[in-house]
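Below are some notes for a colleague who is opening this structure for the first time. Please keep the sequence and the model in view while going through the numbered points.

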Amino acid sequence: PPQHRPSAWQALAACLAPAGRIAVSLRHGTFPDDRSAWPVSDEVATEQAAAAGLDLVRRHRRGSLQAGNRARGVRWTMVVFERVAGVALPAHTRNA
């Protein structure tokens with residue numbers, strides 16, 4: 001759920017070494033069946049990642065490769081974040 005995203009970004013940041021990178025694909029749009037997902041904004045995701053000590057390195061937006069998804073307006077945002085070297089993580093998120 002959206003309310004868990006800030007802590008999820010913190011957990012991901014904790015998995016990275018300083019200057020370590022993570023790539024994330026964000027799906028925008030509906031599903032053809034009964035699956036559901038919470039809408040996601042790449043701008044909000046970037047803000048939440050930054051609050052967790054991650055810098056945006058790359059963002060690429062594109063339509064879906066699948067024709068059915070394209071017809072429904074599905075699009076993707078690929079983002080790459082890098083853990084900021086020298087930024088301490090909150091104690092509860094540090095690796096053991």
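1. Glutamate 43 has a relative accessible area of 40% and is therefore classed as partly exposed, a class that lies between the cut-offs of under 20% for buried and over 50% for exposed. Please bear in mind throughout that this is a predicted model.

2. Which residue pairs with glutamate 43 in a salt bridge? The partner is arginine 61, and the closest N and O atoms of the two are 3.1 Å apart. This pair links distant parts of the chain, since glutamate 43 lies in helix α2 and arginine 61 in strand β2, 18 residues apart. Arginine 61 is itself partly exposed, with a relative accessible area of 45%.

3. A second salt bridge brings together the side chains of arginine 59 and aspartate 42, with an N to O distance of 2.9 Å. Is aspartate 42 buried or exposed? Its relative accessibility is 4%, so aspartate 42 counts as buried, whereas arginine 59, at 32%, counts as partly exposed.

4. How many salt bridges does the model contain in total? The count comes to five, and one of them is formed by the side chains of aspartate 33 and arginine 35, at 3.0 Å from N to O. Both partners are partly exposed, aspartate 33 with a relative accessibility of 41% and arginine 35 with a relative accessible area of 48%.

5. Turning to the nonpolar side chains, the largest nonpolar core has 13 residues, of which Trp9, Val24, Leu26, Leu54 and Phe81 touch the most other members. At least two residues of this core come from each of α1 (5-14), β1 (21-28), α2 (42-51) and β3 (75-83), and the largest share, three residues, is supplied by β1.

6. Tryptophan 9 deserves a separate look. When its neighbours within four places in sequence are left aside, tryptophan 9 is in contact with Val24, Ala45, Gln48, Ala49, Ala52, Leu54 and Phe81. Among these contacts, Val24, Leu54 and Phe81 are also listed, together with Trp9, as residues that touch the most other members of the core.

Technical notes. Residues are numbered from 1 along each chain as its sequence is written. This is a predicted model: local features need pLDDT of at least 70, side-chain atom pairs count only at pLDDT 80 or more; totals for chains, interfaces and linings use all residues. Side-chain values use heavy atoms; hydrogens and water are left out. A nonpolar core is a set of buried Ala, Val, Leu, Ile, Met, Phe, Trp, Tyr and Cys residues joined through side-chain atoms within 4.5 Å. Buried means under 20% relative accessible area, exposed over 50%, partly exposed in between (1.4 Å probe, protein chains only). Helices (H or I, at least four residues) and strands (E, at least two) are DSSP runs, numbered from the N terminus. Contact means heavy atoms within 4.5 Å. A salt bridge is a side-chain nitrogen of Lys or Arg within 4 Å of a carboxyl oxygen of Asp or Glu.
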